[in-house]
Amino acid sequence: MPATTDVLPASIAFTVALAAITGEPLVAGAAAIAIRPALDGDLAAITRIYNESLPPLPAPLPGLDARAGGRPVLGSCLPQLPADGLANWMASHRANGRPLWVAQAGVEVVGWLSLLGFADRPACMPAAEVAIYIASGWRGCGIGRRLLSHAQAEAPLWHIDRLMAFIWHDNAASLALFRAQGFSAWGRLPGIVWADAKIRDMVILGRVLGAD
């Protein structure tokens with residue numbers, strides 16, 4: 001997820017400023033957040049938050065012949081999804097028995113986390129990949145920490161004992177979040193990410209639950 005300079009919601013702006021001054025962990029803003037299973041009515045919010053994580057598209061779009069690093073630039077442009085663009089994904093996610101949670105502030109969904117099957121290989125059912133997305137105006141408020149802590153506590157109920165995260169190497173915020181929660185380096189896939197006309201490595205962080 002790229003960094004954001006959006007203004008924080010007014011209800012938590014003072015808390016964020018105070019935490020920055022005192023150096024204390026930001027907990028008050030996150031305390032009002034409820035974590036619950038996702039519902040069908042959350043689809044538009046889940047899709048919107050996902051779209052906010054995508055690099056902006058160039059204007060105009062590059063031509064078919066444009067190249068960078070030997071790769072077609074157009075292929076690195078990640079299009080925004082329509083409001084129902086994740087409907088099939090949500091349906092298959094549920095059918096495969098994988099959890100999907102949202103973080104809610106008041107009536108607003110401000111983040112979500114899913115546990116994806118590890119390529120849904122039958123022999124790897126105890127492992128899951130974490131996908132986490134936070135609404136742009138709510139990043140840095142402790143919501144990612146709350147969601148990830150919840151997922152680690154709930155995962156054993158889903159017969160999952162190993163969690164992995166696949167993170168772009170320049171996504172410093174996500175790398176810091178997972179490392180702070182006890183995830184360590186499990187691998188690195190060099191150059192497999194092609195987005196925003198940039199080649200990136202995919203860093204794999206993992207944690208064995210209950211091993212501490």
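**A tryptophan and its helix**

Guide: W89 is partly exposed, with a relative accessible area of 24%, which lies between the limits for buried (under 20%) and exposed (over 50%), found with a 1.4 Å probe on protein chains only. The model is a predicted one, in which local features need pLDDT of at least 70 and side-chain atom pairs pLDDT 80 or more, while totals for chains, interfaces and linings use all residues. Residues are numbered from 1 along each chain as its sequence is written, and side-chain values use heavy atoms, without hydrogens or water.

The structure holds four aromatic pairs (ring centres within 6.5 Å, with the six-membered ring used for Trp; planes under 30 degrees apart are stacked, over 60 edge-to-face, the rest tilted). W89 and W112 form a tilted pair, with 5.6 Å from centre to centre and 55° between the planes. Because W89 sits in helix α4 and W112 in strand β5 (residues 108-117), this pair ties together parts that are 23 residues apart in sequence; helices (H or I, at least four residues) and strands (E, at least two) are DSSP runs numbered from the N terminus. W112 counts as buried, at 2% relative accessibility, and ring pairs link W89 and W112 with Y50 and Y133 into a cluster.

The lining of the second largest pocket is made by P37, A38, M90, H93, R94, R98, P99, L100, W101 and W158.

A83 counts as exposed, because its relative accessibility is 53%. Leaving aside neighbours within four places in sequence, A83 is in contact (heavy atoms within 4.5 Å) with L43, A44 and T47. A83 and I46 are 37 residues apart in sequence, yet their C-alpha atoms are 8.8 Å apart in space.

Key:
On a 1 Å grid over the protein atoms alone, a cavity is a set of points where a 1.4 Å probe fits but cannot get out, and a pocket is an open set with protein on both sides within 12 Å along at least five of seven lines; lining residues have an atom within 4 Å of a point.
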